[in-house]
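Okay, everyone, thanks for coming. Let me put the structure up, and then I'll walk you through it.

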Amino acid sequence: REFLDLAITYRIGPIHTCKAEGNTLVTYPMFGEWGITEDELFEVAYENSFKETPEIMSMAKLMGRILADSEEEAESFLAGLTTTRDVMYVCGYKSLAGAACLINKHLLQSFSAELGADLLILPSSIYELIILPMKDDYNAEKFAQIVKEVNRNVVAANEVLSDHVYLYCQKTDMVVDLCEEH
């Protein structure tokens, strides 16, 4: 299923064994054999995928976790930071590719309402998104440039989600691809 410049894929899993963890990609022949349509599969997958609450944290909190050797050190690091509504947030799921947050309407609605703004969404990888409250002076092309640069130099090729940046609009309750508007 297409979503903006992306493709939604379906997976069975996670599968845990004593030697490995993984999941199985669902193919068109598979759900055809099950006697269901792609729309029915999407509805079931959507419902199942968002039973788990995504982890949303400020970038400062994430940096505190990464840089600190202990919980106390992380708390000390965080206490030294001033927090504002302009900070970035990381969004992800523990057992699912965190970029699925991009299609979680309830999450985007509630986060947008909490911040009182539309959301600028930067794909960090298939595992997480970086979300900022949108401001009028933000330049989508510059953010897309940053995303491309990070994708080329930091993110493993099989973990790149997209070079595009997205906007969740409160008024329309839709995610749009800002790179297609230019």
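D173 has a positive phi of about 55° although it is not a glycine. Is D173 buried or partly exposed? We call a residue buried under 20% relative accessible area, exposed over 50%, and partly exposed in between, using a 1.4 Å probe and protein chains only. D173 has a relative accessible area of 22%, so it counts as partly exposed.

L4 also has a positive phi of about 55°, and it is not a glycine either. You'll find L4 in the loop between β1 (2-3) and β2 (6-7). L4 is partly exposed, at 33% relative accessibility.

Now the ground rules. This is a predicted model, where local features need pLDDT of at least 70 and side-chain atom pairs count only at pLDDT 80 or more, while totals for chains, interfaces and linings use all residues. Residues are numbered from 1 along each chain as its sequence is written, and side-chain values use heavy atoms, with hydrogens and water left out.

And pLDDT? That's the predictor's confidence in each residue, from 0 to 100. The protein has a mean pLDDT of 78, and 69% of its residues reach 70 or more. Where is confidence lowest, and where is it highest? The lowest is helix α4 (residues 71-79), with a mean of 62, and the highest is β9, at 94. Where pLDDT is low, the predicted coordinates should not be read in detail.

Zooming out, the secondary structure comes to six helices and 10 strands. The protein has 182 residues, and 34% of them are buried. For contacts (heavy atoms within 4.5 Å), take the ones between residues at least 6 apart in sequence: 56% of those join residues at least 24 apart. The accessible surface, from the Shrake-Rupley method with a 1.4 Å probe, where for residues only the protein chains shown count as cover, comes to about 11,500 Å². Carbon and sulfur atoms account for 54% of that surface.

On to the inside. In soluble globular proteins, nonpolar side chains tend to be buried together. A nonpolar core here is a set of buried Ala, Val, Leu, Ile, Met, Phe, Trp, Tyr and Cys residues joined through side-chain atoms within 4.5 Å. The largest one has 15 residues, and L102, L119, I121 and L129 have the most contacts inside it. At least two residues of this core come from each of α5 (105-115), β7 (119-123), β8 (129-133) and β9. Helix α5 gives the largest share, four residues. Apart from residues up to four places away in sequence, L102 touches F3, L6, L108, I121, L129, Y166 and V175. There's also a second, separate core of 11 residues, including I130, V147, V165 and L178.

Next stop, helix α2. F42 lies there, and it is buried, with a relative accessible area of 15%. Setting aside neighbours within four places in sequence, F42 is in contact with R1, I8, Y10 and I103. F42 and T9 are 33 residues apart in sequence, yet 9.2 Å apart in space, C-alpha to C-alpha. E38 is in helix α2 too, and it is buried at 16% relative accessible area.

What about charges? A salt bridge is a side-chain nitrogen of Lys or Arg within 4 Å of a carboxyl oxygen of Asp or Glu, and by this rule the count comes to one. D163 pairs with R152, with the closest N and O atoms 2.4 Å apart. D163 is in the loop between α6 (140-153) and β9 (166-169), R152 is in helix α6, and they are 11 residues apart. Buried or exposed? D163 is buried, at 17% relative accessible area, whereas R152 is exposed, at 54%.

Last, the surface. Patches are made of residues with over 30% relative accessible area and no salt bridge, joining like charges within 9 Å and nonpolar side chains (Val, Leu, Ile, Met, Phe, Trp, Tyr) within 5 Å. I12, W34 and I36 form a nonpolar patch, with about 260 Å² of accessible area together. I36 lies in the loop between α1 (28-33) and α2 (38-49), and it is partly exposed at 31% relative accessibility.
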